[in-house]
Amino acid sequence: MKKRIIKLYKELIFKFKRKINLDLNKLDILSLNELFNHFETDKGSAVRDPYSKSLNKSHQKLIGHGYAKFYEFHLSNLRNKEIKLLEIGTWKGASIAAFYYYFSKAIIFCLDRNYKFQFKSNRINFFYCDTRNAKDLKNFEKLLINKKSETFDIIIDDASHIYSDILINFKNFFLKVKPGGFYIIEDFNHYKYYSHLDDSLPISLKIDEIFENLKTKQNFESNFFDKKFQNYCFNNILEISLHKGIQKDSFIAFIKKK
Ligand SMILES: C[S@@+](CC[C@H](N)C(=O)[O-])C[C@H]1O[C@@H](n2cnc3c(N)ncnc32)[C@H](O)[C@@H]1O
């Protein structure tokens, strides 16, 4: 009961929070990397640590994965098309704002388990959802049905980067990618660098090994992907492209659906 009241209270505060209306702000930035850097998402190449608590910019580490060139390589043909995009994990919304300007006609959906999101637009739909919570996922499904948006051209997982979350999100959301669309997993190797993200078991396959099995259509033992889902992947994945970004831990996967 207490949890429900806190959630309702947070929802209410979020509803009335002042947000930046992107529909009123024209921007003449053309490249996706400039947009990423401008809005300060670590998808860009030159971004001060957006998660740093220090107020002094010069004390903040220069980070940035440099993922824009991979996004442009795979997705630039969708730039001016009427696509639907979903990002899992928005934080304050920096990447969503960048995608809003890059994909000029996209209808954007995004979700997070916190209410830090700062933007609004007629083309952006933000939802509260913790992807580990079955009830939240069900509510999210209902909202998508109401909005007649059950499938997407692009789905991006930039949420917790925890080993199990990456696999659970893929199992839940890959089905929602349209034929010819992409499921993108950012920072899929982070769990190898940061032990708090690694909840794999000693016998678990590494994520890149799972990608390899999906590519070569070989069934494997997994607590997350049953045989039925593995076969769905074998029949529906056209291509898996793995790219290395700027930092030692920058890895991104583009999984293209047939
Ligand atoms: C790396 S940040 C997202 C950054 C954003 N995509 C950008 O580029 O500006 C990760 C976000 O994922 C959210 N997150 C982590 N686990 C989640 C979960 N289980 N469900 C929903 N959101 C989650 C966190 O609250 C956080 O805001």
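Let's call a residue buried if its relative accessible area is under 20%, exposed if over 50%, and partly exposed in between, using a 1.4 Å probe and protein chains only. The model is predicted, so local features need pLDDT of at least 70 and side-chain atom pairs count only at pLDDT 80 or more, while totals for chains, interfaces and linings use all residues. Residues are numbered from 1 along each chain as its sequence is written, and side-chain values use heavy atoms, with hydrogens and water left out.

Start with helix α5, residues 134-146; helices here are DSSP runs of H or I, at least four residues, and strands are E runs of at least two, numbered from the N terminus. On one side of α5, Ala134, Lys135, Lys138, Lys142 and Asn146 are exposed. Asp136, Leu137, Phe140 and Leu144, in contrast, are buried. Those four span an arc of only 100° around the axis, which puts them on the same side of α5; the arc is taken from the directions from the helix axis to the C-beta atoms.

Now over to the ligand. It has 20 residues around it, the closest being Thr41, Gly89, Asp112, Asp130 and Asp158, where being near takes a heavy atom within 4 Å. Both α4 (94-102) and β5 (107-112) contribute at least two residues to this shell.

As for polar pairs (N or O atoms within 3.5 Å), a polar side-chain atom of Lys43 sits 3.2 Å from a ligand oxygen. An N or O atom in the side chain of Asn114 is 3.1 Å from an oxygen atom of the ligand.

How values were computed: A polar contact is a pair of N or O atoms within 3.5 Å; within protein, one must be able to donate a hydrogen and the other to accept it, and residues adjacent in sequence count only if both atoms are side-chain atoms. The expected span of a helix is 1.5 Å times one less than its number of residues.
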